[in-house]
Amino acid sequence: MSIEDVAEKNPELIHKLQVDPVNGINKDHLVQAAKDLGLSSIEDQVVDMFTNIYDCFMKKDCDMVEINPLVVTKDGTLLAADSKVTVDSNAVYRQKDLAEQEDKSQQNDKERIAQEFDLNYIHIGGNIGCLVNGAGLAMSTMDIVKSYGGEPANFLDVGGSAEGEQLEQALKLLNDDKDVKAIFINIFGGILRCDNLTQSILSASEKNKFSKPIVLRLKGTNSDIAKKMIEGKEKELGIYFNEDFDSAAQQVCSVVASLQ
């Protein structure tokens, strides 16, 4: 049974232990944890293992240390049968020994390239490449594309500095994806100026000769200027400006449908 099902159906079975990061883990709390888990008979093992888990989490700059399943063998030994450990990417410079052990051959090639340029990218495998700033907007973009019959190819959040080389590499990532038929750029310009973004897109497109049609939806700072930069040159550039989120999503889905 998944922890989500337990949380919904039997929340009383989930026990939480708060740890003061200044004073560290409290042994009495670990003894209580052993009792909560029905493992009082081997509480010394529970205390030892949970202390090691906490020490690992703190010393190795972990985002998460998950033990699943945690088992008790026939001879009464507490055993971490499997685990998942993730390390904060911002702290890798302090964990050089761990970084050297990373098996990058297990990474998706696209995600590895994205990581090199500090792009928040997850490959999904659909036919509409999505380039968005902000995780919330990225999720809603994928949802609306899906609702109009499209298949999002990825989650790609370029953040608030989507210009220059980073933007160029993001576009190359999508254009070079053989499954992607069209690209949907959906940007809200707050600190980011839409005219600067558009110029970066035009420059990157000219330099790399992008072949995939682009639907460009911009809203915010200088979006009116950005619109004029594209107006009248849509077919020549292969870039179609659309200010409305809903309409732009429909448009990119229509573009893909027309290519199939």
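# A walk through a predicted chain

A compact globule of 260 residues would have a radius of gyration near 18 Å, whereas this chain has 24 Å. That radius is taken over C-alpha atoms, and the globule rule is 2.2 Å times the number of residues to the power 0.38. You are looking at a predicted model, where local features need pLDDT of at least 70 and side-chain atom pairs count only at pLDDT 80 or more, while totals for chains, interfaces and linings use all residues. Residues are numbered from 1 along each chain as its sequence is written, and side-chain values use heavy atoms, with hydrogens and water left out.

Let's begin with the whole chain. Its C-alpha atoms fill a box of roughly 75 × 40 × 35 Å along the principal axes. Within the chain you can find 11 helices and 10 strands; these are DSSP runs numbered from the N terminus, with helices being H or I of at least four residues and strands being E of at least two. Of the contacts with a separation of 6 or more, 67% join residues 24 or more positions apart, a contact being heavy atoms within 4.5 Å.

How much of the chain is buried? The share is 36% of the 260 residues, where buried means under 20% relative accessible area, exposed over 50% and partly exposed in between, using a 1.4 Å probe and protein chains only.

Now zoom in on D195, which sits in helix 8 (residues 194-208). This residue counts as buried because its relative accessible area is 9%. The side chain of D195 makes a polar contact with the side chain of N222 at 3.3 Å. Such a contact is a pair of N or O atoms within 3.5 Å; within protein, one must be able to donate a hydrogen and the other to accept it, and residues adjacent in sequence count only if both atoms are side-chain atoms. Setting aside neighbours within four places in sequence, D195 is in contact with T221, N222, I225, A226 and M229.

Our next stop is a loop. N242 lies between strand 10 (239-241) and helix 11 (245-259). Is N242 buried or exposed? N242 counts as buried, because its relative accessibility is 12%. The side chain of N242 reaches the backbone nitrogen of D244 at 3.1 Å, and it also makes a polar contact with the side chain of S247 at 3.1 Å. Not counting residues up to four places away in sequence, N242 touches L216, R217, L218, S247, A248 and Q251.
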